[in-house]
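This report concerns charged side-chain pairs and nonpolar packing in one protein model. Please consult the sequence and the structure shown here while reading.

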Amino acid sequence: AKEIDAVAVVCEEKVTVGELEECIRCGAKGLLKNVTLFDIYRGPGIAPGRKSVAFSLVLRADDRSLTGEEADADMKSILSLLEIELDAHLR
């Protein structure tokens, strides 16, 4: 079974989509099968010089069904690394 999740983070304009994707992959604990960009937003609600970048994530364990706890742990790890490495915060 797979779990599909979406995550939107706000980061500085200079941070690239590639850097964000790489950070997401590094933060995942081996369960991330796919990461796909689906939105970049600038405008009301986002500070000047920053942008909101949203990704669709597919988490899957090849040998078993994922538990909610495992998926949550992966997401926490991903978000923590995004914050530390790229100053990207959950929107």
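The paragraphs below treat the salt bridges and then the nonpolar core.

The model is predicted, so local features need pLDDT of at least 70 and side-chain atom pairs count only at pLDDT 80 or more, while totals for chains, interfaces and linings use all residues. Residues are numbered from 1 along each chain as its sequence is written, and side-chain values use heavy atoms, with hydrogens and water left out.

**Salt bridges**

Side chains of opposite charge can pair when their charged atoms come close. Here a salt bridge is a side-chain nitrogen of Lys or Arg within 4 Å of a carboxyl oxygen of Asp or Glu.

| Glutamate 12 | Lysine 14 | 3.5 Å |

Helices (H or I, at least four residues) and strands (E, at least two) are DSSP runs, numbered from the N terminus.

Aspartate 62 is exposed at 66%, whereas lysine 33 is partly exposed at 31% and arginine 60 is partly exposed at 32%. Through salt bridges with shared partners, Lys33, Arg60 and Asp62 are joined into one network. In the other tabulated pair, glutamate 12 is partly exposed at 31% and lysine 14 is exposed at 66%.

**Nonpolar core**

A nonpolar core is a set of buried Ala, Val, Leu, Ile, Met, Phe, Trp, Tyr and Cys residues joined through side-chain atoms within 4.5 Å. The largest such core holds 23 residues, of which Leu20, Ile24, Phe55, Leu57 and Leu82 touch the most other members. Two or more residues are contributed by each of β1 (2-12), α1 (17-27), β2, β3 and α2. Helix α2 supplies the largest share, five residues.

Leucine 82 has contacts (heavy atoms within 4.5 Å) with Val9, Leu20, Cys23, Ile24, Asp87 and Ala88, leaving aside its neighbours within four places in sequence.

Definitions and conventions. Buried < 20%, exposed > 50% of the residue type's maximum accessible area, 1.4 Å probe, protein only.
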